[in-house]
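Visitor: Hi! Could you walk me through the pockets in this one, and then what sits around the ligand?
Guide: Happy to; here it is.

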Amino acid sequence: MPNNLFSPIELGTLRLANRIVMAPLTRNRAGAGNAPQAMNVEYYRQRASAGLIITEGAQISATAVGYLATPGIHSAEQIAGWKQVTDAVHSRGSRIFLQLWHCGRVSHPSLQPGGNLPVAPSAILPAGQTFTPNGWQTLVMPRALEISELPGIVADYRQAAQNCVTAGFDGVEIHAANGYLLDQFIRDGSNQRTDVYGGSLENRSRLLLEVTEAVTGVWGADRVGVRFSPINSFNDMLDSDPQKTFDYMASALNTFDLAYLHGMELSFGQGAKPDFDFARFRRCFKGRYMTNGGYDQARAEAAVTSGYADLIAFGALFIANPDLPERFARNAPLNAPDQSSFYGGDEKGYTDYPFLT
Ligand code: 8OZ
């Protein structure tokens, strides 16, 4: 019998009840000090029939922030807030990884400590906007990181990973997708460095691999996943040869024996969508593959039964259907996601989607 969406799966010593994953989803509803608050606890608790929950991106440091009201994982109150979340998810028997996030150039001085410029591999102005205390703001020219600052960024990832242990998580996902800092180093449209962090693929992978080394040093490799988005032009991202770049990145991770590689297979940016062979990319990675990007139940089942993917992450469907696995199992109708309440706001469009009766 081939596996299906409801087959349990082991990630190292971690047993997941099914292969239905709640995708990482920015919702901009953190509380004071960017700490998770009661409604966030309820939101994740409601969705704990997923085999695995990956949290929304959480800032690894105060400078890693890129948007208003996104949670961090660097202060005591943030760690305490996340502990409430992990306790709630564990009380329902599910598992939860935190997504480690550094936004890099996708930020704004109004969000940064001291009103400083956001940081990036290179001083290249990205087209785009972010949501700040003063509403939507156009992105600004970032400051290129000095090579001497990079060990500090790796140390911030290490400390954030350690904070995830304290907060009771089961593991972490390194966000290297969607145009944020690690992706900015990987793709050559945003990285024009002339030091050992730019130029060749080996150099462009360096920060990712140093971060992965640091984070797996805290957690063990089998509790760490990495997320890429090879064709996503969101946040003004571009690469001159995405297939070569991301086949290289996927292969480079093989030395770690990670829990999974996570491929976000869509583009939600304005730029051109390059040709890309995801099956080839997936084969470059020798471990478990999690796929994401507009999957419905039928496509997800096909991806698992064919062996293409081991896990499927659902985003919008999990926003709108807190009991998504049960709905799939019963072939029940799905609630439609309300886009207008995705980012920011209160319980409306967050914890008030109905369960099956
Ligand atoms: C949408 C809006 C804000 C952030 C990502 C964290 O794309 C995000 C994000 C998505 O990974």
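Guide: First, a term: on a 1 Å grid over the protein atoms alone, a pocket is an open set of points where a 1.4 Å probe fits, with protein on both sides within 12 Å along at least five of seven lines, and lining residues have an atom within 4 Å of a point. A volume is the space filled by probe spheres set on the points, which are joined across faces, edges and corners. This is a predicted model, where local features need pLDDT of at least 70 and side-chain atom pairs pLDDT 80 or more, while totals for chains, interfaces and linings use all residues. Residues are numbered from 1 along each chain, and side-chain values use heavy atoms, without hydrogens and water.

Visitor: What volume does the second largest pocket have?
Guide: About 160 Å³. Its lining includes Thr63, His102, Arg143, Glu149 and Asp156.

Visitor: And how much space lies in the largest pocket?
Guide: About 1,400 Å³. It is lined by 50 residues, with Asn178, Tyr180, Phe234, Phe268 and Tyr343 nearest its centre.

Visitor: Which residues surround the ligand?
Guide: Thr26, Tyr67, Trp101, His175, Asn178, Tyr180, Phe234, Phe268 and Tyr343, each with a heavy atom within 4 Å of the ligand.

Visitor: Which polar side-chain atoms lie 2.8 Å from a ligand oxygen?
Guide: One from His175, and an N or O atom of Asn178. Polar contacts here are pairs of N or O atoms within 3.5 Å.

Conventions: Polar contact = N/O pair within 3.5 Å; in protein donor to acceptor, adjacent residues only side chain to side chain.
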